[in-house]
Structures are given as C-alpha cells and as structure tokens.
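Me: Please look at the model below with me, and let us work through a few questions about how its chains are put together.

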Amino acid sequence: MTGISDILGFNFVVIGPTLTLLATALILLFVTITISTPTFVKKYVTLFGILSTVFAVFLKFGLFLSDGVSSYFSEKILLDEFALVGNVLIVLVLLFTFNSFWKTSSQIDNKTTEALILILMSASGFLLMVDSENFIMLFIGLEIGSISLYALAGLNRGDQLSNEASLKYFLLGSLASCILIYGIALVYVSLSISGVYETSIAISFIGPENVPLTSLIGLILIIVGLLFKVAAAPFQAWAPDVYQGSPTGYVGYMASVAKASSFIVLARLSAVSLNFIIDKFDLFFTAVIILSVLLGALFATNQSDLKRLIAYSGVIQSGFILSGISFGVYGISASIFYLATYIIQLIGVFTIFSIISGQLSSNFAISNLSGLFKENKFLTITFSIFMLGIAGLPLTSGFVSKFILITNLWSYEKYILVTVLMLSTVAGFYFYLKPIWVAAVEKTDNTIEQIKIQNSDKLLISTLAFLTIYLGLLPNTLVNITRWMVENYL
Amino acid sequence: MDFLFILPIFLPLLTAIFLFLNRKIFNELVTNFFTLNSALLSFAISFFAFVTFALDKFKPISITLYQWTRTPDITIGFTLDGLSGVMLLLVTGLSFVIQLFSTSYMEKDEKHSNYFVYFNFFVFSMLLLVMSSNFLVMFFGWELVGLSSYLLISFWSQKPAAAKAGNKAFVINRIGDFGFLIGLMIILNTFNTFDFHTVMQSSTNVSENTITTISLFLLLGAFGKSAQFPLFSWLPDAMEGPTPASALIHAATMVTAGVFMLVRISPMLQHSATASIVIISFGLLTALIAAFSAMNQYDIKKVLAYSTISQLGFMFIAIGAGAYVAAIFHLVTHAFFKALLFLGAGAVIHSMHHEQDMRKMGGLRKRMPITAGMMGIGTLAISGIPPLAGFWSKDEILASVFAKAGMANELVFSIMYYLFWALTLGAALLTAFYMGRHWLLIFEKDNGIDHSEVQEAPKAMTRPLILLGIFSIFIGFINTPFFHGLEKVLHETLENVEVTHLPEGIALVILAVLSIGAGFTGLIIAFLIFGFQLHKRINLGKFKLESPINLVKDLSSNVLYLNKFGNVFFVSGMKNFSRKVAVVVDGLIIDGSVNFISSAFGKTSKITSATQTGLVRNYVVYFGLFLILLISLFIFTPLVAQ
C-alpha cells in the first residue's frame with residue numbers, strides 16, 4: 001500500500017471512502033447516460049459502492065493503527081479518532097438508510113440515477129468534512145454534502161411542499177455557509193491560521209488570555225455555521241419545514257448524516273481547537289442548549305404533523321448532545337454515544353413513516369397512525385420502541401445516553417442545566433407518547449389500508465429496534481468505544 | 001459446577017410458567033406429577049450443590065448473572081454460602097414435603113392448578129430472596145414473596161374474609177417494605193453498591209449513626225415481613241389461606257425472611273448497639289404478647305399463627321443478643337416442627353370437613369392416631385422438651401441471652417439482659433402451656449361430641465407428617481453444645497462477626513435445667529387444666545378467681561385490644577386525615593398547580609408556534625437577530641464578570 005502511495009505522491013487510503021463513493025457515483029452517471037440500464041443494475045452498483053466504502057473505512061483503521069493520529073495532503077486531511085468514528089457513523093447511516101432511499105429513488109420517474117448520485121455525493125462530502133483538518137476543507141466538504149441535500153429535498157418536483165422545502169433549505173443553508181466562511185476568514189485574519197490543531201497551538205502560544213476578540217468571534221461564527229446544520233435553536237427554523245416537505249424516504253438520511261458529521265466536527269473543535277479556551281464559551285453553549293430544549297419542547301407540544309414533531313424533537317436532542325460536547329472530555333464521549341443511539345432511532349422512525357405513508361409523501365399527520373395496531377402489530381411495537389427510546393425511557397438506549405450525559409453535567413456542577421434538561425425530558429413524554437397512544441391505544445373506526453412490508457425492511461427495522469433495546473441493557477461496548485475515542489484528549 | 005445452585009432457583013419459576021400455560025389442559029394428576037417431580041428435582045440439585053459446597057470447606061461461591069452499571073454497582077447475582085445454603089435446603093425440602101401434602105389437601109379444588117402455580121412462584125421468590133448476593137435481588141425476592149403470599153392468602157377470594165386478609169397482609173407489609181426501601185437507598189448512597197460482601201466489609205469505615213439508621217430502616221422491613229410488634233396483626237388473619245400454604249409461607253419460610261435478612265447484615269448490625277437493643281426488646285415484646293394471645297384462641301390455626309409470631313420473637317431475641325447462629329438454628333428447627341403442626345392441623349381440618357373451631361373437636365386421638373402422635377411430637381418439640389429439636393435451639397437462645405448479660409460491661413445493661421432472660425423464660429413457659437392446651441383440646445378433652453365419622457387422613461397427608469415428625473425429633477442434633485455443626489456451616493458467613501457463645505460448664509447445665517423446667521411446667525399446667533380438669537375437681541371455696549381468669553381470657557382473645565386500638569387510631573384516623581388531604585392538598589394545590597402548568601405550557605406553545613411562519617424572510621431575521629444576541633452575550637459577559 002505504501003508503495004502505491006509513494007508512486008502517486010499521496011496517500012489514497014486516508015480519503016479512500018470518499019474516493020470510493022465518488023467513483024461509484026461517476027460509474028452510475030456514465031453508465032446510465034450511455035446505455036439504458038435496468039434498475040436492478042443501479043441498485044446493485046450502489047449497494048456494491050456502499051459496501052466498498054465500508055471496506056475502505058476498514059483500511060483507514062489499518063492506517064490509523066500503524067500511523068496513529070496523522071495528517072495528510074499538507075495538513076488538509078486529518079486521520080484521528082473523530083475522523084474514524086465519523087466515517088463509521090456516516091457509512092452506517094448509508095447502510096441503514098439504503099433500503100428506504102433506494103425505494104424512494106426508484107419511484108421517481110427518470111430521476112433514479114440523479115437521486116442516487118446526489119446521495120452518494122453528499123455522503124462523500126460529509127466524509128471529507130469529518131476528515132478535514134483545515135477549515136477550508138471543512139467548508140468544502142460541508143458544501144458538497146449540503147448542496148446535494150438541498151437538491152435531494154426538492155427531488156419530488158410534482159409536490160409543491162417538496163419544492164418549497166428545497167428552496168428554503170437552500171436559502172437558509174447558504175446564509176449559514178456565509179456565516180461559516182466569514183468565521184473562517186475572521187480566524188485567518190487575526191491568527192493567520194486555518195487548521196484545527198494550528199488553532200490550538202496558536203492559542204497556547206499567545207496565551208488563552210490574549211486571544212484577540214476577532215478570532216473568538218470567528219470561532220463562534222464557525223460554531224454557529226455548524227449549529228445550523230444540526231438544527232440547534234435558535235437556528236432551527238428550517239428543520240421542520242424541510243423535514244415536512246422532503247420525500248419521507250429521504251428524510252432519515254438527510255437528518256442523520258448532517259447531524260452525525262456536524263457533531264463530530266463540533267466535538268473535534270471542542271476537544272482540540274478550543275481545549276484551552278473552552279470555558280470562555282460556557283455561557284454561549286449554555287444559552288444555546290437551554291434555548292434548544294425549551295423551544296424544541298414548546299414547538300413540539302403543539303404539532304399535529306409527525307415529521308415536524310420529529311424535527312423539533314431533533315432540536316431537543318441537539319441541545320442534549322451539545323450539553324456533552326461543551327463540557328469536558330467525558331461529556332464528548334457521552335455525546336457521541338447519544339449521537340449514535342439517536343441516529344439509530346431516527347432512522348428507524350423515518351423508515352416506519354415511509355412504509356406507512358409511502359416514500360414520496362410529504363405530510364404525515366399523527367391521525368394517519370390511528371388504527372395501526374389493528375393493522376400491523378410489528379410496526380406499532382417497533383415504532384413505540386423508537387419513540388420511547390427518543391423519549392428516554394429506561395431499558396432503551398435513550399435512557400442510558402441521557403443518564404450518562406446528565407451524570408457528566410452533574411459532576412461539572414451545572415445544576416441549572418441539569419434541571420432544564422430533565423424538565424424538557426418530562427415535557428417530552430407528552431408529545432412522544434401521543435403518537436403511540438394514537439397508534440396503539442385509542443379506539444378508532446377508520447382502518448389503515450393494507451401495509452406491505454418487505455422482508456428487508458422488516459429485518460432493518462427489527463435490527464434497529466434490537467439495537468435500541470440492546471444498547472439500553474448492555475451499553476458497555478459502545479460506551480467503551482466512545483471512551484476510547486476521547487482517551488487521548490484528556 | 002459452581003453455577004449448579006442457580007438451577008433450583010429458576011426451576012420453580014419454569015414450573016410455574018409451564019403449569020400456568022397448560023392449566024386448561026392438565027388434569028390434577030398431571031399437574032401433581034409435574035410439580036412434585038420438579039420440587040424433588042430442585043431439592044436433589046440443592047442437596048448435591050450443598051454437599052459439593054460442604055466438601056469445599058464451605059467456601060462461598062458467588063455468581064454474577066448480569067451487571068447493569070459498574071458505578072454505582074447494580075448487579076444481578078447469587079451467592080451460595082453457609083446461610084443461603086441452609087435456607088436453600090430448607091426451602092426446597094419443605095416445598096417438596098408440603099406440596100406432597102397439598103396434592104391431597106387441594107384435591108378436587110376448583111383452582112387446583114392455580115394453587116400450584118402460585119406455590120411454585122412463591123418458592124421461586126423465596127429462593128431469589130435467600131440466594132441473592134446483593135440487596136437489590138433480595139428486594140425483588142422480598143416483594144415477590146409478598147405478592148405470592150397475597151395471592152395464596154386470598155386464594156379462596158370468594159370468601160370476603162380471605163380477600164380482606166390478603167389486603168391486610170399486603171398493606172401492612174407495604175409499611176415494612178417502605179422502610180426496607182429507604183434503607184436500600186441509604187445503602188446505595190453510602191456504599192455505592194448493593195453487594196453484601198462489599199457493604200459488610202466497608203461498614204467498619206462508616207459512622208455508627210449511619211449504620212444505626214440503615215439498620216433501623218431495614219429492621220422496619222424485617223418487622224413487617226416477620227410479623228413483629230407492631231406490624232404483626234396480619235399473620236393471624238393470613239390463616240384464611242389454604243393450610244399447606246400457611247405451613248410453608250406463614251410458618252416455615254417467608255415469615256423468617258426478616259430473621260434471615262438480619263443475620264445476613266449481621267456484620268453491619270453488630271456495630272450498632274442501639275439496633276440490637278431495639279431488636280431484642282421488640283422481639284421480647286412480640287414473644288410475650290403473641291404467647292399471651294395464643295392462650296385463649298379457639299381457632300386451630302390461629303393458635304399456631306400466634307405461636308409462630310411468638311417463636312419469631314424468640315429469633316429476634318437471639319439476634320438482639322448477638323446469637324446469630326442460635327437465631328438461624330431456631331429458624332431451622334422451628335420450620336420443621338411448625339410445618340409439622342400446621343400440616344397436622346391441616347389433616348385435622350380436612351378430616352373434620354373444614355371445621356376449624358377447637359371446641360367442636362376433642363377426643364380425636366383415637367380416630368386419628370398418626371396425626372395425634374405426630375402433632376404430639378410437634379407440641380413437645382416446640383415446648384422445648386429434650387431431646388427434641390425445639391429444646392436445643394430454644395435453650396441456646398436462652399443461654400445466649402444469659403451469656404450476653406454476663407458480657408455487658410455496665411451494670412444497667414447487665415441487669416437489663418438478666419431481665420430479658422427471665423422474661424424470655426416466661427415466654428417459653430407460656431409457649432409450652434398454650435401448645436399443650438392446643439393438643440389437649442383437639443385430641444384429648446372430651447366435649448361429648450360424636451366423632452365416629454371422623455377418619456384418619458389419607459396416606460398422602462400422613463406420610464409428610466411422619467417425615468416431618470422424624471425431622472422434628474432429630475434436626476436439633478445439628479447444633480448441640482457437644483457438636484457445633486451449624487456454627488461450622490455459618491462460619492464463613494459470620495466471619496468477623498462477634499457471635500455470642502454459650503456459657504461454659506455448670507452454668508449451661510443449670511440454664512438447660514431451667515428451660516426444661518419451664519417447658520414441663522407449662523405442659524403440666526395445661527394438662528392439669530384441660531386434661532385433668534383441675535378446676536372442676538378441687539373446690540377453691542372462697543377464692544374468687546372467676547373475674548381475674550375471665551379478664552385474662554378476654555384480654556388474650558382480643559390480643560390486648562391492640563387490633564381495635566390500631567383500627568380506631570390508625571385506620572379511621574388515617575381515613576379522615578387522608579380524605580382531607582385528598583380534597584385540599586391533592587385536589588386544590590397539587591392538581592391545580594399541575595393543571596396550571598400544563599395549560600400555561602400549552603398556551604405558550606401556541607403563542608410561540610405562531611413565530612414559525614413558514615416565510616424565509618422571517619427565518620432570516622430570527623437567524624440574524626439571535627446571532628447578534630449570542631455574540632453580544634459572548635462579548636459582554638466577561639466584562640460583567642470582571
């Protein structure tokens with residue numbers, strides 16, 4: 001492997017997953033424009049591409065074991081624990097959502113290939129983003145990923161809501177990108193640096209007390225740019241509209257991949273770049289967290305559309321995850337645990353939505369669920385498991401993740417924050433249990449039309465539900481992985 | 001093979017589930033077959049595990065099935081040491097014998113299979129309780145035995161009295177469990193673990209006040225479960241359940257859970273002088289009150305119920321005096337002879353077609369010779385007549401209290417313990433008296449009622465009686481002053497525990513003679529009154545004894561009016577109080593505030609939702625405004641802080 005790298009002049013293993021996805025996308029593009037291909041070929045090419053990406057991520061682990069934390073491409077690409085976990089998360093999201101995004105894409109006439117290419121490209125962009133050491137690389141990765149997502153949101157052109165969602169996502173997303181790049185520029189202007197590690201070195205060199213205000217504001221703007229992507233309040237306004245409008249089959253992917261990569265980058269920023277001056281950001285983060293959980297709970301209470309409800313619940317979850325990222329190294333590990341378990345539940349919920357209401361649909365009212373228990377017990381039970389997991393009921397992974405986050409906050413003596421988070425959890429039970437009530441308990445005359453579940457969907461949903469329960473009972477494996485991830489940053 | 005002892009714990013659970021699932025298919029014969037074989041198998045495995053354990057010089061074995069979190073240490077684990085080994089043998093062995101008896105007693109009952117489901121479930125819960133290696137699993141078992149006891153007490157729930165008795169047992173037990181739960185919370189807070197071993201080892205590093213607090217709360221739990229004063233009134237009522245169930249649950253095993261638990265925590269308990277005094281005084285009070293109350297009962301089972309309470313009091317006295325081995329010893333012997341007495345009573349009730357009033361019996365000895373003989377052995381054993389089982393254990397308790405008095409370093413304590421000893425001896429005398437009366441009233445005294453139709457109980461009943469009778473004679477030899485068998489078994493469990501030992505030499509002989517004397521005296525008085533009819537034969541003339549005797553009788557049959565006092569004071573008082581609380585505190589304040597919060601939250605939610613206009617221009621404005629707000633927050637706070 002090193003031989004090839006020497007000849008080429010660069011190490012291709014470290015960007016292997018990105019390259020693999022890119023290659024798959026290009027193959028799909030060239031094949032479909034030159035010859036008319038049957039759909040199953042597209043399906044297996046995509047699947048093969050994703051599986052090769054999994055393999056490429058394995059290769060990265062090998063590289064990490066031999067080289068340790070190292071940077072490549074003249075300090076543009078970084079290989080560290082965050083990058084590895086980020087890669088794994090994104091690949092897992094691709095694998096878990098493959099079923100639903102494939103079915104959605106195959107239902108869009110004439111645009112199946114475009115949809116698949118957009119998804120693969122966005123994943124490659126986000127992979128680049130979690131690998132980036134340089135802020136400019138971060139920006140480029142984020143843009144590649146996001147622009148594909150904007151297009152994905154509006155792919156169902158016949159649906160007005162879908163068009164609206166796409167445009168909104170695009171307009172607000174570009175505003176956030178502006179802010180991010182402005183922050184990068186400010187940091188560069190004041191410190192003449194633009195790297196993750198360089199920032200930390202520069203701050204320790206000039207002393208945490210003497211950091212110029214411009215660079216601090218620059219860092220804040222970078223963080224805000226990322227907070228937009230994870231839909232943390234007060235930058236959450238786009239999320240419900242976009243979730244509601246986009247084709248249901250895509251939302252699981254869109255929501256989880258952006259959240260996963262942005263949180264990984266935020267975690268790295270907090271653990272590496274800001275580790276000397278993180279206490280300066282205490283109040284900023286506290287404000288964002290409290291706003292997130294409060295606004296999220298307030299908005300979610302009043303929703304009659306389930307996709308919007310999940311979007312607002314995502315705002316609350318973002319607040320929770322941030323509460324770990326901004327307070328201590330073990331908090332970061334707890335956050336990554338939370339992130340992983342939340343993504344599992346999120347994908348599960350959206351897979352179920354897309355099965356019930358069709359992949360291309362946009363609105364999904366709570367009343368659509370009534371009578372579900374009579375029609376399909378399997379979906380009702382797994383849906384309840386996912387919702388209870390998000391709510392944080394004991395025996396599910398959601399409880400464990402909230403528990404370790406809050407114990408971490410408690411050890412930092414953030415009692416106000418702990419109180420607010422707990423209260424929002426309590427309030428959350430109202431709107432998480434409401435859909436379960438409608439689906440399982442409430443007596444109703446209207447019957448849901450026959451739901452057909454493919455075996456692959458059944459397997460996927462039961463795997464995700466099993467993981468939710470398993471990580472609630474035996475969380476040690478994942479906790480140890482996330483602990484390993486932050487060990488070097490203590 | 002270390003995990004072998006786990007099997008007997010879960011075998012009854014599997015049996016219960018199996019029987020429950022097949023309750024509609026199986027007839028009585030099949031049900032009996034499965035439940036008896038399962039009970040026998042689990043006893044055999046227990047026996048084998050215990051022998052292996054004994055050959056390994058009683059080295060405790062611990063097994064962790066599942067660990068939930070490491071800090072705080074929350075684990076599901078089991079342990080086999082001397083204490084739990086003895087209990088394992090006792091529970092599985094008696095479970096088999098009593099189930100054998102039940103097959104005949106519950107014959108042709110409508111809910112025959114339900115009975116065995118509950119029974120097996122109880123055995124599982126009890127084993128969970130005794131085999132646990134930490135407080136948490138013990139608490140699970142503790143609650144589950146409460147549940148299964150409730151199910152069995154109100155087994156014939158069509159009888160209002162049975163349903164009521166079940167409720168009463170449950171409610172009173174809840175009071176004790178409440179204390180137990182608080183004790184567990186303090187334990188978790190203090191030691192960060194539930195594990196017995198760790199807690200006991202680190203208990204030396206904790207202040208005596210904490211230990212006393214924990215012990216007293218746990219003690220409340222033990223009082224509830226073991227029916228000690230003031231939480232004892234549920235046990236006599238619990239006799240509404242099927243008699244074999246009473247024999248296992250309300251005589252041999254469940255009610256001794258409190259004693260078991262206190263011995264389990266003895267390494268901690270010994271550091272608290274206050275707790276010991278509380279235990280011994282409440283134990284003594286219970287022993288006396290219950291023995292006094294047993295004197296004038298006419299229900300064949302109620303006498304035994306009060307007797308059980310009284311004997312449990314003896315065990316508490318032993319624990320309070322630091323004689324933990326003696327407590328467990330008495331627990332074991334009591335389990336056998338009390339199970340024998342209960343099953344004997346069951347046989348009598350069965351033969352008398354569910355007649356429980358002793359005044360309608362009398363002279364049954366000729367009709368039911370085996371039952372009479374076996375119950376006679378039980379009576380002698382409980383009265384403490386050598387060489388039967390009860391003598392050895394009761395004598396050990398009495399001698400230990402006496403020895404404790406000698407060990408006390410202050411005169412006041414010394415005198416107090418001598419007083420305790422004397423009163424305990426009195427309770428032993430009362431025990432012999434009421435048990436003698438019990439036997440004489442059933443089998444001897446001629447009431448002029450024709451019992452020619454009464455027949456000896458079937459063999460399925462008499463065989464368990466004979467088996468238990470043999471055990472009641474010989475089980476005492478496991479721990480005599482000449483052979484300290486049980487003490488060796490418990491040695492590892494009670495490591496680092498200061499156990500009160502028997503006095504040596506002539507003192508022990510004198511004490512033994514005194515306790516034998518108490519037993520004989522009690523029996524003789526009983527015989528003189530109920531057998532020999534002394535009061536009819538001699539003319540007391542001018543001594544007017546009628547009114548004091550009637551007073552004693554009245555007090556005894558009404559349990560010193562404790563129940564009525566409790567009813568008036570606690571039940572009615574609490575009812576009024578809670579009604580007021582329900583209206584004012586709950587209705588107005590709590591509901592009001594909760595409703596206010598939820599409606600306010602809903603309104604706020606509606607108002608804030610209006611900001612989600614769906615217009616991009618608004619969103620951009622929010623975005624910008626909040627950004628500026630956050631940055632200014634960031635810039636200006638350091639200035640404010642400095």
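This is a predicted model: local features need pLDDT of at least 70, side-chain atom pairs count only at pLDDT 80 or more; totals for chains, interfaces and linings use all residues.

Me: How are α2(B) and α3(B) oriented to each other, roughly parallel or roughly antiparallel?
Reply: The axes of helix α2 (residues 28-55) and helix α3 (residues 82-105) of chain B come within 9 Å and cross at roughly 160°. Angles over 145 degrees count as roughly antiparallel, and therefore the relation of α2(B) to α3(B) is roughly antiparallel.

Me: How many charged residues are in the contact of α2(B) with α3(B)?
Reply: From α2(B) come residues including B:Phe43, B:Phe47 and B:Phe50, and they meet a set in α3(B) that includes B:Leu88, B:Gly93 and B:Phe96. The residues of this contact divide into 11 nonpolar and 10 polar, while the number of charged residues is none.

Me: Which helix supplies the largest share of the side of chain A that touches chain B?
Reply: In the pairing of the chains, 22 residues of chain A are in contact with 22 residues of chain B. On the chain A side, α7, α9, α10 and α12 each supply at least two residues, and that side divides into 18 nonpolar, two polar and two charged residues. The largest share, six residues, comes from α12(A).

Note on methods. Residues are numbered from 1 along each chain as its sequence is written. Chains are lettered from A and ligands numbered from 1 in the order in which they are written. Two residues are in contact if their C-beta atoms, placed from the backbone, lie within 7 Å. Helices (H or I, at least four residues) and strands (E, at least two) are DSSP runs, numbered from the N terminus. Ala, Val, Leu, Ile, Met, Phe, Trp, Tyr, Cys and Pro count as nonpolar, Asp, Glu, Lys and Arg as charged, and the others, Gly among them, as polar. Axes are lines fitted to C-alpha atoms, for helices over the stretch in contact, and angles run from 0 to 180 degrees between N-to-C directions. Angles under 35 degrees count as roughly parallel, over 145 as roughly antiparallel, 65 to 115 as roughly perpendicular and the rest as oblique.
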